[in-house]
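Let's take a walk through this structure together, with pockets and aromatic rings as our guides.

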Amino acid sequence: MTRNRVHKNEDDWRKELTPEQFAVCRRKGTEPAFTGEYHDCKEEGVYRCACCGNELFSSGAKFDSGTGWPSFHSPMDDDAVRTEPDVSHGMHRTEVLCSACDAHLGHVFGDGPQPTGLRYCINY
C-alpha cells in the first residue's frame, strides 16, 4: 500500500501536537520508560501515528518486552514505517519513522520474538 505523504511546517506541527508529542515525534526525543499511554495497553486495535494517523502497528504484533515502551515484532505492512541509520548519542541504532509524515517513532532492534526476531520499540 502506498502512503499519502503528509507535509507540514514546524509551526503547524507545534500547533497540532502536545509539547511532549512534538519533542518526541518532530525532535527525535524519547518518552520516559513506563510512562507512555500505550506501554501497558492490552486492548485490541491499531496503533496510529500521533502526528498524521497513519496505521503503524496492530495489537496482534505487540508484546511485553519489559523495556517500558510499546514493543511490536512487525509493522502493519511493509509500507507503514521506514527505517534509517541513527548514530546519535554515540550509538549505532536503526531509527523507525512514520512513512507518511517522517515522525520519529523509536528504534528497531534484533532481539525480538518470532516470527521476525525484531523488536520495534515505539514511543506514542
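**The pocket and the rings**

Strand E1 (residues 46-48) contributes the most to the lining of the largest pocket, with three residues; strands are DSSP runs (E, at least two residues) numbered from the N terminus. This is a predicted model, where local features need pLDDT of at least 70, side-chain atom pairs count only at pLDDT 80 or more, and totals for chains, interfaces and linings use all residues. Residues are numbered from 1 along each chain as its sequence is written, and side-chain values use heavy atoms, with hydrogens and water left out.

Among the residues lining the largest pocket you will find Tyr-38, Tyr-47 and Tyr-124. Now turn to the rings, where Tyr-38 and Tyr-47 form an edge-to-face aromatic pair, 5.5 Å centre to centre with 85 degrees between the planes. (Rings of Phe, Tyr and Trp, the last by its six-membered ring, pair if their centres lie within 6.5 Å; planes under 30 degrees apart count as stacked, over 60 as edge-to-face and the rest as tilted.) Phe-57 and Phe-72 form a stacked pair, at 4.4 Å centre to centre and 20 degrees between the planes. Because Phe-57 lies in strand E2 (residues 55-58) and Phe-72 in strand E4 (residues 71-72), the pair ties together parts that are 15 residues apart in sequence.

How exposed or buried are these rings? Tyr-38 is partly exposed at 30% relative accessibility, while Tyr-47 is buried at 10%. Phe-57 is buried, with a relative accessible area of 1%, and Phe-72 is buried, also with 1%. (Buried means under 20% relative accessible area, exposed over 50%, partly exposed in between, with a 1.4 Å probe and protein chains only.)

How values were computed. On a 1 Å grid over the protein atoms alone, a cavity is a set of points where a 1.4 Å probe fits but cannot get out, and a pocket is an open set with protein on both sides within 12 Å along at least five of seven lines; lining residues have an atom within 4 Å of a point. Helices (H or I, at least four residues) and strands (E, at least two) are DSSP runs, numbered from the N terminus.
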